[in-house]
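Trainee: I am new to this structure. Please take me through the terms and show how each one is decided.

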Amino acid sequence: MTFIKDFVDVLSGSSISFLLLTSLFSFLIFFNLLDGRLRSKGGSVFIGFGLLFLISGIFIRPLLYLAIAYLVLMFLLANLGPRVWETRTGLIILVAGGGAFGLSMLDPQFYLIAAKPDNVPIVAMIFLLGFFTWVALRKAYLNDRQLLAGGIPWEKTESDEKLFTCPDLVYTEMLCMIVLTIVMIVWSMALRAPLEEAANPTSSPNPAKAPWYFLGLQEMLVYFDPWLAGVLLPTLIIVGLMAIPYIDTNPRGNGYYSFRERKWELGIFLYGFLVLWSFLIITGTFLRGPNWNFFGPYEYWDPNKLVPLVNIDLSELIWVKALGVALPKIWLIREMFGILFCLAYLGLPPLLAVGPFRRFYQKMGPPRYYVGTFLFLIMMALPIKMVLRWLFNLKYIVHIQEIFFNV
Amino acid sequence: MKPQEPIPHNYSMAKLNLIFALSSLFLLAFTGLMVMYDYVRGWKWFQLEFNRMQRERIEQDLASVGDARQKAELAALDASTRQREVELAGHRDQYRRAQDEYDRWEGRHYAADEDYRFAKASLDAKRYESEMASLQRRSDSARQQQEYAVMTRHVNDLQLTLQAVTRSRDAAKAQVDSWLARIKEVEDKKKKLTERSDLLNKQLAAVKTDTNFLVLNAPMLDFISPTFRIDQVVLPDLFVSVNFMNVPRVDRCQTCHRAIDRQGFESKKEAARLVTELQAKLDSFEIPVEKAGDTKDRITALKKIADAPYDTPNPFRTHPKLDTFVGSASPHPLLEYGCTVCHRGQDRATEFGRAGHTPMSGKQEYRWAEGSILPGPWDYKHRHWGFQENEFNETPMYPRQYYESGCLKCHSGQVSVDKGDRITHATQVVELYGCYACHKISNWRFTDLRKPGPDLTGIAEKTTPAWAARWIAEPHDFRSTTRMPSFFYQRNMVGPAVGASERAANIIRQNVEIQAIVSYLFARSTHRPWTPPGQGDAAHGKQIVESVGCMGCHIEQETVKDSTSGAMRMARRDDFPLERNYGFNLVGVGTKTNPGWIYNWVKNPKNYYPDAPMPSLRLTDQEASDVTAYLVLLRKPQFMDKPLLPVDPGALHELAKSYMVNTLTDVDADSKLRSMSRDEQLVYLGQRSIEKYGCYSCHNIKGFEGLKPIGTELTIEGSKALHLFDFGFIHDYIHESGKSEHVLHNVPSWVYNKVRSPRVYDDGRTKSYNDKLKMPNFHLSEGEATDITTVVLALTKDLVAPQKIAAQDSRSRLMEEGRKRVSQHNCRACHVVDGYGRAIASTIADTAFLPPDLSPEGSRVQSPWLFQFLKDPTVMKIRPWLSVRMPTFHFTDEETNTLVTYFSAKGNVPQFDTTRNVSSDPRNVEVGRAVFTMLRCAQCHKTVPQGAAVAATTAAAVPADTASLAPNLTLARVRLRHAWISDWIRRPNEFIPGTRMPTNFPRDAATGGFQSPLALAIDTPPFAVQKASLMKYFKSEEELRKTMGDAVSLTEYLRDYIWSLGPSEMRAASPAGEEGLTPVPQQVAPPAIPPLKSSRNRAGSPEAGGR
């Protein structure tokens, strides 16, 4: 039992779980799990990744755990293939997830955090997110199978039928309303609103947490300066979401679930929503404890826990560590490499247009291509910075404290 | 048109209807549940329970009211009513006629009254009309005025008519009443008989759970006028901080504490206590005679409660100190002060946990918290209140043992809080033990106080390094009552939680630090030679020490008999009154210091150190020699036998370097240390260690002048948030005394355990040597620790409006400044001041030889006299029989003035007056003289000047006359206040309870007036002479007898007689007491670095040591 708890604690470490999720995600997208064509191409690359984790795991324990989890999950997925989308498998996953959660509630620390009245909705959110994602992908899988066989999506067959608004819609909506009201009443009686004493500016709670829907942003603050994580990135998220209909002009998949026909669109969206947003909220809610330190789900939230703060800037990494000289006095020279790196990153779209993204460039045309790729690159900046932090303790790529500009 | 194809429904309607029905039912049920959930509140249960309790009691009272005799009386009255009704029926016709007449007149009166009122209303309107007409110069103004005159006449007529009709109606009514009078008489009697039960019935109706009650308190209807309601008091000038602003307190405590301000719900124990207390007050005439009746009623009621078969549980009890708190006649009425301003807690909360109730012990916490799985009001019966620690509540209540912490919020400008014995004592403990020296407390009470430790700038003159090192290592071993705390070899250095190897290293390091501190102190010390004493007689010295008053401030006792076990054990500070801990325990003083120093110190302590707290007792050279001879015999040689470890050079190097590396690199530090000799290293480390441990906070040490105190500032410690207290890894620990103590997770518990065992929160922590906790161990007993915790918790930043702060007027300020001096100079060691003190009493067997009670001093003595006496007590010897001496304190003029002002303000008399020059009527003097003889005052009081000289010269030469144990009255005129003498003669026992002065004019128990025994005695044969001599002043015997019976006049005549004795001037005081300050002897250059063995030059010129 202790081993399993320890295993989960380590695995849920933000770097490990992020890597696991990201790799599984790309596994899902690139290898058309939906089609059950796993062994077709590149499967060996992923097995190779697993082996890499395994070998590094010999030296670093968390990576060993990652490798175990990765290989087990990959093995399961590869063997299950399309059977993942069967109702029975769905139920098994649900029961397994619920059971694991129920067992975990026996742990006092897990119970303390998960049963906090303001955390209960987030627990529900995990299950609801999983459920709805699964349902959507299952429907997409069923449609894709029909379409491959030359059939039509089931939404099409369904939309030919006609029904009265009243009672078929109105009545059921009213029933939903009543049942929801009951749920809300019971909820409000069972879990008392977590109202506290008057706020004291000189004694803030530890950890001080944003409302749950902003916890993703708060988590981003670990990796970026406030002007980026708090201003620029949220603005771009909103702008980007608004821009989607204008960038995504793919007419296929309109009005019905399909994965094959919108692999990239769905892949990018789900990655952004599930991994870069929801996953960060869940991390922020359950795994960030006092002093915003990371705590495994079974770990005691000790306010006295200390972790070393030894992050360094890219300039230090290059000038001091690699070149062995003191930092140049002029910031332009000092931060030269960082600035070049950023410019190169943002200058990628034209290069990609002739390189790997040639197909998109041709299909979307220059304006759509450039806007879309820019937004995609900004989105990917988050995981890239996260990985850089974990691998090299990198604090800032560009750190110009003279003009308060840090990236 | 083609008929439309029927569109099928997606769901079966029957099924949907069923779901709809079921879910609607569920919704209804859950809505009901929600209402119930909202309705069931803990405080309602308390109100219901309190109602039930009241009902039970009223019913019991009712049962006791209706006894058999009363029932019989009622029956008799009923019978007589009936009989009188029969009588009336016999005269029915006459009665009927009178009634008709009355009805008719009543009707006429109604009509006449109405006519008059209506006409008057019209008249008022007309007046306005006519006034406006004339003001606006209208053409009809003349007509209007005429009409007004007509109407006025009309109204006057109507008024006359009304008066006539009223008269006739009243006559008719009287006629009717005369028929009914006999019946009414009986009815009145009946009403009187049932008065009490009617009242009880009315009270019962108010607490009955009848239909009205159920309707008014029904869920959803209880917004109209519920009897269950939240009771609150709004306190606009007592604030609660919501961090961004201060808002008025709204105390809702009475919502559950129903009877807090109501008499009659005391616990049995409390009632019994109150009965004794009130009875004592009644017996001593403390309660005015006119209020005695009320008090007697109250005692009866309380006795009933004390004997009742039931006991009132909390939260329904009456406040135990209703005459001090909450009661409407008390100084802190509920409507003005509420509850939370003293008790703290969340003012607006109505739930047990949220209100901030704090348990006083782990046991109580367990009981409060324990409950059923589904906690609710049903647990309250078992007194489980569902306690939960509320980490967000920044002002939890004070636990029971610290209740008086709340006083200081408003009373911090006072030295003693009236009826706050605990907090007064606690602040005195903090003052005496010197907490303020290391911990800054910006609070009037704890500022401008001297450093609590002795001056160390001349330590080499006083003792040896060998003694000092052993003393610092463990002062407790030398004197178990010392206030000097133990800094070294404490639990975080050598305790069981420290590993064996670290412990061994720490022992070496601690020893090095001790030796280093000693080296520094002796290296920086002055080396004045002090004259050795002449030949002294130790036996006589002992007698002097025990009699002149040393024992007021000093203890000379190493062991005491334990009160519980009866076995002998080491003495503790709290075995003695606080005042006797002011000076050190004399045990071992001969081992500590040398005869030369003692001799000069007891001669005049100010010679050694000008700010020495010890006053001069004006010992003669021979007396001082005798005292010295005795004190050097108080030795404790076994203390010096304790082995002293040699200084370990490695540890010395390591420790000295640990400070140097703060500013130097490792290499530089090493080379600097190598360049220093071992003694230089020791002195360097000593300086650093004194800085580290903060020795300079309590002691004057050269080189540390003006440094900030070492400890955490405590000014608002009581408001510090819980999470800022470092509990370390401690929850249970074994105290040094061997007892296991539990640390609750609250501030009071943290502070208590911190002062009890200051290093305990280091248990289990890994810290470097210099980072370990440094607060020394004071070896506090549980009581002392509770006292200190009480004060620490009292220091908050809670805000109250200025008008609520106590003792802010200028008179109170003057008094409090004086009180502070009284406390600072330890006057209470010998005197009773403000009704308490006189610690020396335990060492003087005969109460006749105790120093005087100063409670009435201000109204007793003249300010000029008091000023001179305080400056130089030799100006007058009032009580020559006392062997205790009033010492010379060398007060400054300012201090003396503060004290004189304090006494006169406290006596509520003007500071200066002209009564000293009053000359009395010779007749009054003669009468007074006669009365003086009759009362045999001369048995104790002398009326001739002491010795041959004038009365007011120094009395020291006059041998103590133990036969006359009362002041010489020739001193009265220069000393006492004119008005006071007669008042004192009347009621000496009320001024000073237990005084030896007899009460010659006892009070009459009924009226409270004074009675004179001479009214009868004057006619008896023994006083025939006086009667004859007095007769020439009185016209008749009757008048003489009348005067002799008038106690007030007699005391005034006595006063006039006393006033006529003695001189009206006194000798002036010398500027700085009798002997003055001896100039400090010439300095002798100190040796460069004193080695650790005693090699002090004791020789000096005989003159240089002081007279």
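Mentor: Start with a helix pair. The axes of helix H11 (residues 226–247) and helix H18 (residues 366–392) of chain A come within 11 Å and cross at roughly 145 degrees. Axes are lines fitted to C-alpha atoms, for helices over the stretch in contact, and angles run from 0 to 180 degrees between N-to-C directions. Helices (H or I, at least four residues) and strands (E, at least two) are DSSP runs, numbered from the N terminus.

Mentor: Two notes on the source. This is a predicted model: local features need pLDDT of at least 70, side-chain atom pairs count only at pLDDT 80 or more, and totals for chains, interfaces and linings use all residues. Residues are numbered from 1 along each chain as its sequence is written, while chains are lettered from A and ligands numbered from 1 in the order in which they are written.

Trainee: Which residues of H11(A) and H18(A) meet?

Mentor: Leu236(A), Gly240(A), Ala243(A) and Ile247(A) come from H11(A). Arg368(A), Val371(A), Gly372(A), Leu375(A) and Ile378(A) come from H18(A). By class, this contact of H11(A) with H18(A) has six nonpolar, two polar and one charged residues. Contact means C-beta atoms, placed from the backbone, within 7 Å. Ala, Val, Leu, Ile, Met, Phe, Trp, Tyr, Cys and Pro count as nonpolar, Asp, Glu, Lys and Arg as charged, and the others, Gly among them, as polar.

Trainee: Why is Leu306(A) called exposed?

Mentor: Leu306(A) has 8 C-beta neighbours inside 10 Å, so it counts as exposed. The rule: buried is 20 or more other C-beta atoms within 10 Å, exposed is 12 or fewer, partly exposed is in between, with C-beta atoms placed from the backbone. Leu306(A) sits in the loop between helix H12 (263–287) and helix H13 (314–322) of chain A.

Trainee: What makes Phe404(A) exposed?

Mentor: Phe404(A) has 8 other C-beta atoms within 10 Å, so it is exposed. Its phi is near 55 degrees, a positive value in a residue other than glycine. Most residues other than glycine have a negative phi. Phe404(A) is in the loop between strand S1 (399–400) and strand S2 (405–406) of chain A.

Trainee: Why does Lys419(B) count as partly exposed?

Mentor: Lys419(B) has 15 C-beta neighbours inside 10 Å, so it falls in the partly exposed class. Its phi is positive too, about 65 degrees. Lys419(B) lies in the loop between helix H13 (408–411) and helix H14 (421–433) of chain B.

Trainee: What makes helix H24 (residues 595–603) of chain B mostly covered?

Mentor: Eight of its nine residues are buried. Among them are Trp597(B), Tyr599(B) and Trp601(B). The cover includes helix H16 (459–462), helix H25 (605–608) and helix H26 (621–631) of chain B.

Trainee: How does the radius of gyration of chain B stand against a compact globule?

Mentor: Chain B has 42 Å, but a compact globule of 1107 residues would have a value near 32 Å. The radius is taken over C-alpha atoms, and the globule rule is 2.2 Å times the number of residues to the power 0.38. The C-alpha trace of chain B spans about 140 × 125 × 80 Å along its principal axes.

Trainee: How many residues form the contact between the chains?

Mentor: Chain B gives 23 residues and chain A gives 22 residues. The chain B side divides into 14 nonpolar, eight polar and one charged.

Notes:
Two residues are in contact if their C-beta atoms, placed from the backbone, lie within 7 Å.
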